Amino acid sequence: MNIRTLARKNLLRRKSRAVFTGLGIFLGIGTFVAISSITMQMEGAVRDKLDRYGANILVTPRTEQLSLGFGDIALGGTQVSHGRLTAADEQAIRSIPLGERIRLAVPWFLSAADASGKNLVWMGVRPVDLAESRPWWKVDGAEIGGKDDVILGFEAAAALDKGPGGTLESGGRTFRVAGILKPTGEKEDGMVIADIAAVRELAGVKDGVTFFEVAALCRECPIEDIVREIGAKMPGAKVSAIRSVVESRKAAVDQFRRLGLGVSAIVLGIGGLMVFVTIMGNVQERTREIGILRAVGFRRRAIRSLLFWETGWIALAASAAGALAGAGAAIAASPLFGIARGAVEWRAMALGTVLGVSLGLLGTIPPARRAAALSPTEAIRSL
Amino acid sequence: MSFITLEELEMTYGSNGTSATALRGVSVAIARGEYAVITGESGAGKSTLLCILGGLQLPTGGRITIDGVDLSTLRADALADFRGKTIGFVFQAYHLLPYLTARENVMVPMAPEKGSAAGKWARADALLASVGLAGKEERLPSQLSGGECQRVAIARALVHDPPILLADEPTGNLDSGTGDQILDLFARLHGQGKTILVVTHNRANVERGTRSIHLRDGRVDEDRFLAARPAGQAGRGIPPERRT
Ligand SMILES: Nc1ncnc2c1ncn2[C@@H]1O[C@H](COP(=O)(O)OP(=O)(O)O)[C@@H](O)[C@H]1O
Ligand SMILES: [Mg+2]
């Protein structure tokens, strides 16, 4: 037998008291892990949602005209481009020093062209990029499967009176209407969305790009730097950050984190106080036992280490159990917070366990000091 | 110099306001191997004297020297080591740890020490056997009789083979038959050379010692040797010749 086993035996044979002592840590860590798991996942969810607002950065050619938008796109000769964007510029964008922060660089090519007798704007994009850059689009029917597939904007479909499976004539070619885009309220409602290669062919352009949409991985979002670097790489292009999206994204994520941290801090403070109070009570209640140990030759340090071992074991068990319970609670509660599929946040659990043990040991410092300072006589006489 | 020397011990409890004086100038010298029986009314200062003897508290006045060491010069940890090495305590209420078995209770004083678990275990079992508790090592105090609990406490007191055994009314909670068995155990330990100081309420137990010290109101009221002593040694104490 040594101090460690003495501590363990004490705990095992007086389980209800050990459980009570651990309760504060269990609840504190459980709440902490639950809250931080949910916060982490909300951050993720918020990030995902905000990412869907679209690209962070727009790269367009410098023109003398008004800004290039979906509505007032001046196509076919009226714009005076200082530089033309080409497919090769995608490589330039990705090769900036902060290139690894770039999640997406999607080239779009827009052109006015005939569509079964009606002059419509055709939006060309690589089919693989479409889902990534427009995840909020909902299509009735199928996605664009190849060069001969198109998706019709809701209004375009109505104007042409076409549905999925229908066909479209343009430039002597026949396109299949793969699907109809549900109304988005944006300009694309009146457009034809097709493979970028097909739109280029219709326009007779080899590798033209109307604009690039660039999305950064937005954890810390050095958007300004990315904008500057792309601008330096492409002097003929106009690079602009879509500021409001970036800022609202950051603000929302930060707010969630602050809320989570605040609540966790309060809960942990209360948990630590509970440990302190229960251990202090234990010491009071065990005055005689401590006196006996002192009488048989325990040094003060031995008394302290006995108490630290005891709370150490309790805190470890309680915070591990609390971490498990908290993770479980987070998963159970995730639908309430708009998290589609709750996941186990290992980092939160590990941090919670470490925090719980430290809290337990910290809360034991004053009682352990007090216990070690007890006069053995007083202790033994407290009959 | 005697093994244990008490010089003008004073003990006053409490600081300002209420204070109680438990010892008022106690001077006693005890030789190695003596068996002193301390008697006195309740409140006479017997327990206080024993606590000071065991290094559990320091007197507020006077001097206590054991085996040449002035206890007041020892710091807290050194005093703890002194208690562990030199003193074995036996209390009226046994003071066993209720959540430990008999064996574990005996092992408690060895807990802060290095050494194999098996070695400590064997030592505890040997001590329990020597006090007649072989076969009851796994029992909790609640599963032992009062006399058996006191035997466990005695075995615990003997773990470090201390030269001095201090017992504060060790038979106070026991019926007279069981109490006698405990005192037989002390007699045997005395025979093995231990210096024993026993506080008792029961005047009948005085006969078992080699010396009787009676306290009254914090003073030594009577101090006499019970066995035949060589002339001139009265009051100073000598090592006993008896060996079993
Ligand atoms: N811790 C203490 N605080 C105050 N007074 C005490 C304390 N311990 C003992 N006393 C007092 O000291 C006197 C002697 O007590 P004690 O040594 O226990 O006597 P005995 O053991 O002979 O009954 C008593 O008057 C008692 O009230
Ligand atoms: Mg007493």
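Predicted model: local features only at pLDDT ≥ 70, side-chain atom pairs only at ≥ 80, totals over all residues.
**First stop: strand 11 of chain A**

Select residues 211–216 of chain A, which form strand 11. Six of the six residues in this strand are buried, so the strand is largely enclosed by the rest of the structure. In a regular strand, side chains alternate between the two faces of the sheet. Display the side chains here: A:Phe211, A:Glu213 and A:Ala215 point one way, while A:Phe212, A:Val214 and A:Ala216 point the other way.

**Second stop: helix 1 of chain B**

Move to chain B and select residues 46–53, which make up helix 1. Seven of its eight residues are buried, so this helix is largely enclosed by the rest of the structure. The buried residues are B:Lys46, B:Thr48, B:Leu49, B:Leu50, B:Cys51, B:Ile52 and B:Leu53. Just after the helix, select B:Gly55, whose phi is positive, at about 70 degrees.

Select B:Lys120, which lies in helix 4 of chain B, residues 117–130. Is this lysine, B:Lys120, buried or exposed? Its relative accessibility is 5%, and B:Lys120 therefore counts as buried, the cut-off being under 20%. Leaving aside residues up to four places away in sequence, B:Lys120 touches A:Met1 and A:Asn2 of chain A, and B:Met107, B:Met110, B:Ala111, B:Glu113, B:Lys114 and B:Gly115 of chain B. One of these, B:Met110, is 10 residues away along the chain, and its C-alpha atom is separated from that of B:Lys120 by 7.1 Å.

Finally, select residues 146–157 and 176–191 of chain B, helix 5 and helix 6. Two packed helices are described by the angle and the distance between their axes. The axes of helix 5 and helix 6 come within 9 Å and cross at roughly 20 degrees. The two helices are therefore roughly parallel to each other, since angles under 35 degrees count as such. Their crossing is right-handed.

Show the side chains at the contact. Helix 5 contributes B:Gly147, B:Gln150, B:Arg151 and B:Ile154, and helix 6 contributes B:Thr178, B:Gln181, B:Ile182, B:Leu185, B:Phe186 and B:Leu189. These contact residues divide into five nonpolar, four polar and one charged.

Key. Residues numbered from 1 in each chain as written. Chains lettered and ligands numbered in written order. Heavy atoms only, no water. Axes fitted to C-alpha atoms, helices over the stretch in contact; angles between N-to-C directions. Helix = DSSP H or I, 4+ residues; strand = E, 2+ residues; numbered from the N terminus. Parallel < 35°, antiparallel > 145°, perpendicular 65-115°, else oblique. Left-handed = near helix turned anticlockwise from the far one by under 90°. Contact = heavy atoms within 4.5 Å. Nonpolar A, V, L, I, M, F, W, Y, C, P; charged D, E, K, R; others polar. Buried < 20%, exposed > 50% of the residue type's maximum accessible area, 1.4 Å probe, protein only.
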